[in-house]
Amino acid sequence: MAERLPQPAQEIASGYALTGAALDLGALLWDGQCHPDAKIRIPLSMLNRHGLVAGATGTGKTKTLQLIAEQLSTNGVPVFLADIKGDVSGISAPGRANEKVQERAGQVGQEWEAKGFPCEFYGLGGIGPGIPVRATVTSFGPVLLSKVLQLNQTQEQSLGLIFHYADSKGLELVDLKDLRAVVAFLVSDTGKAELKNVGGLSTATAGVILRSITAFEQQGVSGFFGEPEFDTAELLRTAPDGRGLVSVLELPAVQDKPQLFSTFLMWLLADLFGDLPEVGDVEKPKLVFFFDEAHLLFNGASKAFLDSITQTVRLIRSKGVGGFFVTQTPKDVPSDVLAQLGNRVQHALRAFTPDDAKALKATVKTFPNSPYDLEEVLTGLGTGEAVITVLSDTGAPTPVAATRLRAPQSLMGPIDAAELEAAVKASELHGRYAEAVDRESAYEKLTAEAAAASEAAAREAEPARPAGAARKDESLAEQVMGSGIFKSLARSIGTQVGREISRSLFGTARRRR
């Protein structure tokens with residue numbers, strides 16, 4: 001029992017003697033022994049204070065993610081998981097009892113029972129298994145799109161100018177051909193005047209943007225941009241039995257395109273931020289996100305992107321949303337973001353190289369003072385063990401606790417492809433999002449107006465109508481504007497025309513429901 005522990009261990013255990021609803025992570029490890037009566041827990045009300053799950057490859061991070069997600073679902077909290085390696089889909093199916101599971105359950109005092117959890121499976125733009133998830137270019141915004149297209153800061157600023165123009169004129173950028181059409185128009189002889197008062201768009205920068213769009217399309221993932229656009233409110237649902245729905249984004253088919261899927265996760269969060277009301281401190285979160293391979297979010301990111309991530313993490317907790325970043329070491333996460341992560345689960349680190357040793361020392365410095373020799377403990381942890389500190393129900397950090405973690409109750413591995421496909425087709429969302437829709441948007445409108453203007457110019461140039469010669473010097477841009485393109489846009493788009501679309505974090509467009 002906890003009271004028979006050595007004094008330092010008793011003090012650690014007392015820091016986790018919580019009174020409210022909490023998730024059970026495991027049992028205290030002290031001096032090489034596991035103490036099943038000394039439970040290490042995290043308050044449910046503190047899950048919107050964000051967290052970090054870190055550790056070397058093969059130390060059990062994915063199982064920890066699965067363990068936390070299961071208990072959130074049990075407590076009625078929806079969860080979003082990014083399944084990059086394709087091994088998280090098993091959360092939908094009951095686990096399999098075996099000797100290792102029973103041994104771990106006995107060690108930590110867990111009453112293990114095989115359980116599956118309610119899931120929806122998604123795929124980016126219909127690539128790979130899952131209900132297709134799409135976003136419009138307009139909604140995605142210039143900051144996130146710049147990261148996907150790997151643009152530099154100058155090019156990102158120019159892309160922001162293009163979005164500003166499209167927004168203010170009501171030119172909806174549904175897919176990439178819409179964006180290409182607007183870029184081409186703004187650098188053509190007929191369109192240059194449109195941006196003259198705000199600095200214009202250089203032909204060289206436009207060329208880089210257009211080439212980047214083409215390169216992105218050649219990767220075979222352009223289907224992500226389009227309609228029907230995914231409604232992020234789908235992530236906030238619960239199952240009929242009251243358990244939180246676990247939304248699993250299946251990413252194995254695009255795991256070689258980290259710029260896309262990592263940035264898409266931030267679009268989801270930014271979209272939720274724009275839609276959800278302020279709720280302050282809550283008894284349990286409305287949603288918890290897990291950002292697996294979180295370092296991919298920050299690699300090569302612009303200052304605007306990093307600033308937006310920091311602001312999102314800082315502010316979205318007041319809307320009841322928590323986020324866990326899953327990566328190898330804390331140094332993968334910028335310090336301004338790391339400072340916002342109140343809950344820490346640090347799996348084993350290796351110290352095989354001088355860089356490893358440096359990362360280990362840096363990790364130790366991020367923990368509160370502890371009776372453990374953390375350098376020794378972190379290099380000696382086994383699979384499914386971690387050093388933990390979380391926020392208590394009073395908001396204060398708990399003592400650092402070496403912990404042997406509980407075993408997940410669901411299947412630790414993927415379900416069969418046929419089962420996954422059957423689950424996708426049985427979903428009520430499949431009919432809503434399965435088929436792409438290509439409606440009239442910027443490309444079609446600009447193309448139609450250019451064709452109309454060209455026909456008008458040809459008629460005026462006919463010899464039989466010399467009176468039309470007086471308009472020879474009129475630019476095509478003036479003809480297009482005079483032909484009523486934006487008046488017709490006002491009729492077709494209504495409330496969005498003539499005023500700029502309201503943009504939120506990352507420059508994402510706020511959804512109008």
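A cavity here is a set of grid points where a 1.4 Å probe fits but cannot get out, and its lining residues have an atom within 4 Å of a point. With that in hand, let us walk through this predicted model.

A search of the whole structure turns up two cavities of 30 Å³ or more. The largest holds about 40 Å³ of space, and its lining consists of His50, Leu269, Phe291, Val313, Ile316, Val321, Gly322, Gly323 and Phe325. Helix 11 (303-316) and strand 9 are the elements that give two or more residues to this lining, and strand 9 gives the most, with four residues. By class, six lining residues are nonpolar, three are polar and none is charged.

The second largest cavity has about 30 Å³ of space. Phe80, Tyr122, Val133, Phe230, Leu235, Leu249, Phe264 and Leu268 line this one; all eight count as nonpolar.

Twelve strands form an open sheet in the order 2-1-12-11-10-3-9-8-4-7-5-6, with mixed pairing. Strand 2 (33-43) and strand 6 (131-133) are the edge strands, each pairing on one side only. From one strand to the next, the twist averages 30 degrees. Further in, strand 10 (residues 343-346) and strand 11 run antiparallel and are joined by three bridges, with Gln346 standing opposite Val387 in strand 11. Helix 2 (residues 61-74) packs on the sheet, and its direction makes about 140 degrees with that of strand 1 (22-30).

Is Ser392 buried or exposed? Ser392 is buried, because its relative accessible area is 9%, under the 20% cut-off. Beyond its sequence neighbours up to four places away, Ser392 touches Leu18, Pro43, Met46 and Thr398.

How values were computed: Residues numbered from 1 in each chain as written. Predicted model: local features only at pLDDT ≥ 70, side-chain atom pairs only at ≥ 80, totals over all residues. Heavy atoms only, no water. Buried < 20%, exposed > 50% of the residue type's maximum accessible area, 1.4 Å probe, protein only. Contact = heavy atoms within 4.5 Å. Pairing = 2+ DSSP bridges. Axes fitted to C-alpha atoms, helices over the stretch in contact; angles between N-to-C directions. 1 Å grid on protein atoms, 1.4 Å probe; cavity = no way out; pocket = protein on both sides within 12 Å on 5 of 7 lines; lining within 4 Å. Points joined across faces, edges and corners; volume = space filled by probe spheres on them. Nonpolar A, V, L, I, M, F, W, Y, C, P; charged D, E, K, R; others polar.
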